[in-house]
Amino acid sequence: MLVDNQTNKMQHPGRFVLFVSAILLFFGCSQHNVRPQSSDFNSNTQMEVQAKSDAGPSQTDSENSAIAFQDDEDDGLDNDQDLDAFDDDFDEFEDEFGDEVTTEVFDPLSGYNRFMTGFNDKLYFWVLKPVATGYRWVMPEFARTGIKNFFNNLYFPVRLVNNILQFKFKNAGEETLRFATNSTIGLLGFWDPAKVWFGLEAHPEDFGQTFGVWGFGPGPHIVLPVLGPSNLRDTIGLAPQWIYLNPVNNFSTVYGWTGFEKVEGLEKTETKLGILAIERVNNTSLRLGEYESLKKDAIDFYPFLRDFYEQNRLKEIEE
Amino acid sequence: MKILLFSVIIALMMPPLIFADETAAVKKDAQQRINAVIDHIRDKSLDKKTRNEKIIAAIAPMFDFSQMAKLSMGKKNWSLMNPAQRQEFIDLFSVRLQESYLEKLDLYTDEEVVVDQAELVKNRIHVSSHLVAKDDKIEMIYKFFKKKNQDWKVYDVEIMGVSIVQTYRSQFAGILKNQSIEDLLQRLRQTGGFTVPTGNY
């Protein structure tokens, strides 16, 4: 069985390489769109400011926007009571939160994204949350944590491949040690002795992050149905993950000796999706309340979630 | 001449030393305040209202809420607000941050907070800490700045790479693109509804 699976995989690399290079070409182009668009936005807001301070909706040329902004700054000071404090408070932070720093990301799909955020929100409150709440009531916490660990252990190939692709060889080695430890004395990964006993931390890396490390920009933000916030780069990163490194496919390869892959219907897409659904419910049951709280933090939920996702990904890629 | 040269060298070396001292002091202060918060959470004898008041009293002096509010609004939008609007905005914004903080504490009840290190980044001090949750680590960076003749205060908090000020900035900018300051204030008055209001304002 092991051999079968490996020969299967051997047929794919050609197609995989083709697929990846197609992606890369695409990204090479899309990346350039991001910055100029953002600076356009900046000059637009400056125009708006000018328009508002003139107390009239007159349009100004974008060439004048820099000068317009200077004028506006003076106007603001005239009306301000604590004159000294005003400039200091902002000027010191010009590099970090200055008006030059982009305040809004390039977001051509915002209409669709808003709709899909609402859809996912309903999905959470109407389906996922009730199911996960019931599941939590039935399953003790240690079992749920165990199941989560079990799935995480199966994602080892994703982490290994991407650590290597990002030249993080030490982390790749640690991941391998973790996998070896947890799959054996960790009882198929249900328990995490690698971390508890040996202090080996997981190094989660995915294809989206790898593309990021290679220098590809995120592209436009895309909210995926069911899966939630993503962007073009990360969405494309999901494809090789699903086809080649899906946990269900991997189970057969990794735990072939258990005879698990002989279970009928396991190769079906429905089964794989079903198993992913179980994983999702299980993970949600450990995080109930977090989404709700995050939602309350937002004044406008969609851009909040979008920025949260994009900033978090940026940090993950930097690390 | 030698003495002069020597004193010049000493003088040149002084600022980093002073900053090193201040960095350590800021870290120690942050550590103490966070510990106080944890003590209050674990103190089961307190009813929730008193507990929350004590937590806010312990942690709030570390933050410069009005600076956070200003930065979130941005210079241009700030200059368009009148003094009354500014004051209301600062108040609403501070309460939001505090209520959000309290609710997060409720969510992560038995977690541990570790203050890792404080480093000087230009003229700011970044104190990094992490929260050890059930299955993962949540990294937080408190960013301090120093106003003239005042203590070091937090002007932004970064949680898992996400800057609080930055997320508010783009939300406010987005809303103010199509709506007025008054609309935004109205929205701030309504939204939120955290389960643990401070009720101090």
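Trainee: Which residues of H3(B) meet which residues of H5(B)?

Mentor: Phe65(B), Ser66(B), Met68(B), Ala69(B), Ser72(B) and Met73(B) of H3(B) meet Phe89(B), Ile90(B), Phe93(B), Ser94(B) and Leu97(B) of H5(B). Two residues are in contact if their C-beta atoms, placed from the backbone, lie within 7 Å. By class, this contact holds 8 nonpolar, 3 polar and no charged residues; Ala, Val, Leu, Ile, Met, Phe, Trp, Tyr, Cys and Pro count as nonpolar, Asp, Glu, Lys and Arg as charged, and the others, Gly among them, as polar. The model is predicted: local features need pLDDT of at least 70, side-chain atom pairs count only at pLDDT 80 or more, and totals for chains, interfaces and linings use all residues. Residues are numbered from 1 along each chain as its sequence is written, while chains are lettered from A and ligands numbered from 1 in the order in which they are written.

Trainee: Why are H3(B) and H5(B) called roughly perpendicular?

Mentor: Helix H3 (residues 65–73) and helix H5 (residues 83–107) of chain B pack at about 105°, and their axes are 9 Å apart. Axes are lines fitted to C-alpha atoms, for helices over the stretch in contact, and angles run from 0 to 180 degrees between N-to-C directions. Angles under 35 degrees count as roughly parallel, over 145 as roughly antiparallel, 65 to 115 as roughly perpendicular and the rest as oblique. H3(B) and H5(B) are therefore roughly perpendicular.

Trainee: What makes H3(B) a mostly covered helix?

Mentor: Of the 9 residues in H3(B), 7 are buried, namely Gln67(B), Met68(B), Ala69(B), Lys70(B), Leu71(B), Ser72(B) and Met73(B). A residue is buried if 20 or more other C-beta atoms, placed from the backbone, lie within 10 Å of its own, exposed if 12 or fewer do, and partly exposed in between. In chain B, buried residues make up 32% of the 201 residues. Just after H3(B), Gly74(B) has a positive phi of about 90°.

Trainee: Why is Gln32(B) called partly exposed?

Mentor: Gln32(B) has 13 other C-beta atoms within 10 Å, so it is partly exposed. Gln32(B) belongs to helix H1 (residues 2–42) of chain B. Its C-alpha atom is separated by 9.4 Å from that of Ile59(B), 27 residues apart along the chain.

Trainee: How many helices and strands does chain B have?

Mentor: Chain B has 7 helices and 5 strands. Helices (H or I, at least four residues) and strands (E, at least two) are DSSP runs, numbered from the N terminus. Along the sequence, the pattern of chain B is α-α-α-α-α-β-β-β-β-β-α-α.

Trainee: What makes S1 and S5 of chain B edge strands?

Mentor: The 5 strands form an open sheet in the order S1-S2-S3-S4-S5, with antiparallel pairing. Strand S1 (112–121) and strand S5 (162–163) each pair on one side only.

Trainee: How do you know that S1(B) and S2(B) are paired?

Mentor: Two strands pair if DSSP finds at least two bridges between them. S1(B) and S2(B) are joined by 9 bridges and run antiparallel; Glu112(B), for one, has Val132(B) in S2(B) as its bridge partner. The two strands form a hairpin with 2 residues between them, and Lys122(B) in the turn has a positive phi of about 50°. Strand S2 (residues 124–132) and strand S3 (residues 137–146) of chain B pair over 8 bridges, also in the antiparallel sense. Here Ile125(B) has Phe144(B) in S3(B) as its bridge partner.

Trainee: Where is Met160(B) found?

Mentor: Met160(B) is in the loop between strand S4 (152–159) and S5 of chain B. Its phi is near 50°, a positive value in a residue other than glycine. With 16 other C-beta atoms within 10 Å, Met160(B) is partly exposed.

Trainee: Why are H6(A) and H16(A) called roughly perpendicular?

Mentor: Helix H6 (residues 110–138) and helix H16 (residues 301–318) of chain A pack at about 95°, with axes 10 Å apart. H6(A) and H16(A) are therefore roughly perpendicular to each other.

Trainee: Over which residues of chain A does pLDDT stay under 50?

Mentor: pLDDT, the predictor's confidence in each residue from 0 to 100, stays under 50 over residues 1–84 of chain A. Chain A averages a pLDDT of 69, and 60% of the residues score at least 70. Where pLDDT is low, the predicted coordinates should not be read in detail.
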